[in-house]
Amino acid sequence: MGKLDGRVVIITGAARGQGEQEARLFAAEGARVLLGDVLDEQGAAVAEEIGKDRARYVRLDVTREEDWSAAVEAAKDAFGAIDGLVNNAGILRFNELTATPLEEFRQVVEVNQVGAFLGIRTVAPEIAAAGGGTIVNTSSYTGLTGMAYVGAYAATKAAVLGLTRVAALELAGRGIRVNALCPGAVDTPMANPGLLDPAGQSDEGREAMAALYRRVVPLGRVGRPEEVARLALFLTGGDSSYITGQPFVIDGGWTAGVSLG
Ligand SMILES: NC(=O)c1ccc[n+]([C@@H]2O[C@H](COP(=O)([O-])OP(=O)(O)OC[C@H]3O[C@@H](n4cnc5c(N)ncnc54)[C@H](O)[C@@H]3O)[C@@H](O)[C@H]2O)c1
């Protein structure tokens, strides 16, 4: 028996990284998953690998209301009622606040914050109609603590926690639990663009990254997207049945405090 038998879950940003691992794990645990992304070729390939009976891919730019409506229709056509959502899509831009162009700030807000809002607004009524379910939003450790040069990103990730709490309050009566993931550094193209072109990554570059994480992360390494997927599984499945409105940090201890080791 899988932990998500009979569940139907929409996962955004599922073409790679954490969203891809969430889709694979959820399907392995018995769910049927609708993968959304703007990387169509990659997303379709992941869905195909998982298998047509368990997974479908649709283009879902989370900033577009019409894409959300189409994704809901596609999920219902393929699998019947929807009872889960993972708002995972996100983008990161590095810049000093005083040098950040307005356009760049707005772009990050559009994807990370407006995208999560549209997901909740579009999919929650479907989950309610199915008799209840779960929403997992993807915040970040930067939603809870500061980090230099990611001002726009950190602002949106704090906003996602606000959305999570309010959604949990408003949707509890309709049988929907809403929680948030707050990952630290996770080895995906977002935190490690070298993954997109491993041939172009030098051994020195790889070792410098590893050394950085050994130094700043108490557990001594970067996180793996599969580890984040397991937390998303916990928050989507019945094991978290009495939990709603909460942020869950998964960061190898990075934000635990000052390490003197
Ligand atoms: N990797 C980390 O260190 C880290 C840390 C904390 C939080 N996060 C968050 O985890 C989530 C997943 O990121 P990841 O690490 O897997 O990075 P990633 O860049 O590998 O994956 C992000 C995915 O979102 C998709 N995406 C971007 N804009 C989109 C849009 N408008 N509509 C739909 N999809 C879109 C991308 O195409 C990509 O497939 C993000 O919300 C990110 O902010 C990542």
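One definition before anything else: buried means under 20% relative accessible area, exposed over 50%, and partly exposed in between, with a 1.4 Å probe and protein chains only. A second one: helices (H or I, at least four residues) and strands (E, at least two) are DSSP runs, numbered from the N terminus.

Now the ground rules. This is a predicted model, where local features need pLDDT of at least 70, side-chain atom pairs count only at pLDDT 80 or more, and totals for chains, interfaces and linings use all residues. Residues are numbered from 1 along each chain as its sequence is written, and side-chain values use heavy atoms, with hydrogens and water left out.

Start with strand 5, residues 133–138. Six of its six residues are buried, so strand 5 is largely enclosed by the rest of the structure. Take it face by face. Gly133, Ile135 and Asn137 are buried on one side. Thr134, Val136 and Thr138 are buried on the other. Both faces are covered.

Which strand pairs with strand 5 over four bridges? Strand 4, residues 84–87, and the sense is parallel. Two strands pair, by the way, if DSSP finds at least two bridges between them. For a landmark, find Gly84: it stands opposite Thr134 of strand 5.

Next, a loop. Ser240 sits between helix 7 (225–236) and strand 7 (247–250). Is Ser240 buried or exposed? Its relative accessibility is 1%, so Ser240 counts as buried. What does it touch, leaving aside neighbours within four places in sequence? Arg177, Phe234 and Leu235. Contact here means heavy atoms within 4.5 Å. Leu181 is 59 residues from Ser240 along the chain, and their C-alpha atoms are separated by 13 Å.

Zoom out. The protein chain has seven helices and seven strands. In sequence order the pattern runs β-α-β-α-β-α-β-α-β-α-β-α-α-β. The radius of gyration is 18 Å, close to the 18 Å that the globule rule gives for 261 residues, so the chain is as compact as a globular protein of that length. That radius is taken over C-alpha atoms, and the rule is 2.2 Å times the number of residues to the power 0.38.

Two last figures. Of the 261 residues, 48% count as buried. Among contacts with a separation of 6 or more, 69% come from residues 24 or more positions apart.

That's the tour. Over to you.
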